[in-house]
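Subject: Structure handover

Hello,

Here is the structure we talked about handing over. My notes on it follow below.

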Amino acid sequence: MTHLEKADGLHQVAMDFAERAVVAEHQGRKGEARELYRKALTQEQAAAELLRSDVESEPSRSVLYRSAATLALKSRDFKQAKSLAEDGLGGNPPVEIESELLDLLGEIEASRPHVAKGTHRAVAYSWQVREPVDERLAAVLPPLFAALPEPFAAAYDPAAPWALLGDTLDAILAALPSSQIDIRLSPDVHILGDGIVIGAGTHIHPGAVIEGPVWIGRDVEIRPGAYLRGGIWIGDGCVVGASTELKRAILFPGAKAPHLNYVGDSILGAGVNLGAGTILSNFRHDGGEVRIGRRGTGRRKLSAVLGDGVMTGCNCVVHPGVVVGRGTQIYPGVQLRSGIYPEKSIIKLRQELDIVPQE
Amino acid sequence: MDSNEHPSLFLARLLEAAPCLTPIFRSFLVEAASVCFDEQGHQNGVGLKVEGHFVRAYALFWEPVGEAARRSHGDAEVATEYGAYGLAILLIKALTGMTVVQRSFKGTGFDFWLGDANDPGFQRKARLEVSGIRHGSTAQVKARLELKKRQIGNTPHALPGYVAVVEFGQPLTLIVRL
């Protein structure tokens, strides 16, 4: 029996439970309905998991994840619902199912109860990897980089591309000389700390603040008011724009964060272009471990890994724990929630405007 | 509409159109649809118009609705949604010969999949998306259809299928093929 046939069997059982749950719910047997929805969720999740690594089985894979996520939402298991919806997006869903999964994520977010005022949880900040990342993640991550700059190539783990931001980046920056600046700097550029390397042909405008350790390649442009907070690797030909802040970031050659951007704990692939005001947010409000789907990354701070050529529109906000496949374009104003997004796609934003005459 | 010359459509024959559904759920759909027609004051044999990709008319028949069924389907919104499922599934069988062989959970209910029951998964299947209106104008039905089409995306359609909007007041069903 193939995985698809096994998944089909589990799905039929799940839907039988779901149908009975609907009837029980509308006949006022709420407790029984809840139990039946939970049973349906268990079976449907098991069906979807059977196809986790089988992106060739689309649309079955994403339909099952969408169905399971909807059942989890029905069961008010918001965390599970979100995780399942993200797993669904991690495959290769048809455009309609992808759109429904994104809508479902919005619905889950809107349905989550808010944390009560006054609650507080102590947060331990750590860069250490807590647990190994599931190897199966490599199978669902989209293609990201055509080539890796030499210092990163040997250490790259396709199942955990964000790991470059940890020990690998630390080791590269720790080996830098105290200062090696191959350009003439304006006296109005503020250089702080040790481990500063700036390549030939790079232009740094007055008013920029650069804290070490930082490695800046050749022909980079760093504009007025840019703030490099340390732990930075910037490849040849990149642009760091006016009032842009970088903190522990890797910019592969030609990447641009050109206008009013925040790039925290992120990797920008070659030729990435961030629209004005795009924010790569790196920290959860509850201080918890950043996860990609259901899998931990071992990092308390992590925003995005954007594949080569990704473009964001103005005022996008990328939430902690996002991977975007190469060449994908993101509409202006999108709130990109944690998850894995496919390559060569367009992530659209739907909105409705009511335009009414003035009284 | 004079329905005497139209072919008959029996709600009770949902089993033939959706063999994969559980008996309890099929009864639930039939009962919900019956309550919707009854509540709109229709009598057995009422003429049902189908427009859009198909242009047909049917004479519709259902079992008498008791007080218990009316009470059970007191939530008009829910009854309309599930009644619409039942009628749309029957119509698709009558219009295309295709039966519902899969269903998946979506939104507040289900979407349905048409095709070969021996073919596992959702490949090579057509999707049936259904929406219901208890009482509305033709313009409202068309507007709902456009909304539904926008929701599931206009182009390109990797998933073939049908969108059906069922209105119980006239009664009218609009069906488009994607």
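A:Asn261 counts as buried because its relative accessibility is 3%; buried means under 20% relative accessible area, exposed over 50% and partly exposed in between, with a 1.4 Å probe and protein chains only. The residue lies in the loop between β12 (256–259) and β13 (262–268) of chain A. Helices here are DSSP runs of H or I with at least four residues, strands are runs of E with at least two, and both are numbered from the N terminus. A polar atom of the A:Asn261 side chain is 3.2 Å from the backbone oxygen of A:Thr278. Beyond its neighbours within four places in sequence, A:Asn261 has contacts (heavy atoms within 4.5 Å) that include A:Ser243, A:Glu245, A:Leu274 and A:Thr278.

This is a predicted model, in which local features need pLDDT of at least 70 and side-chain atom pairs count only at pLDDT 80 or more, while totals for chains, interfaces and linings use all residues; side-chain values use heavy atoms, with hydrogens and water left out. Residues are numbered from 1 along each chain as its sequence is written, and chains are lettered from A and ligands numbered from 1 in the order in which they are written.

Chain A as a whole: its secondary structure comes to eight helices and 24 strands. Of its 359 residues, 52% are buried. Among the contacts in chain A with a separation of 6 or more, 38% are between residues 24 or more positions apart.

Helix packing: the axes of α1 (residues 3–26) and α2 (residues 30–50) of chain A come within 8 Å and cross at roughly 165°. Axes are lines fitted to C-alpha atoms, for helices over the stretch in contact, and angles run from 0 to 180 degrees between N-to-C directions. The crossing angle therefore makes α1(A) roughly antiparallel to α2(A), a label for angles over 145 degrees.

Backbone points to check against your own list:

- The peptide bond from A:Gly212 to A:Pro213 is cis, with omega near 0°; A:Pro213 is in the loop between β5 (209–211) and β6 (214–216) of chain A.
- B:Gln170 and B:Pro171 are also joined by a cis peptide bond, with omega about -15°.
- A:Arg248, in strand β11 (residues 245–251) of chain A, has a positive phi near 40° and is buried at 12% relative accessible area.
- A:Asn315 has a positive phi near 60° and is exposed, at 53% relative accessible area.

Regards

Definitions and conventions:
Polar contact = N/O pair within 3.5 Å; in protein donor to acceptor, adjacent residues only side chain to side chain. Parallel < 35°, antiparallel > 145°, perpendicular 65-115°, else oblique.
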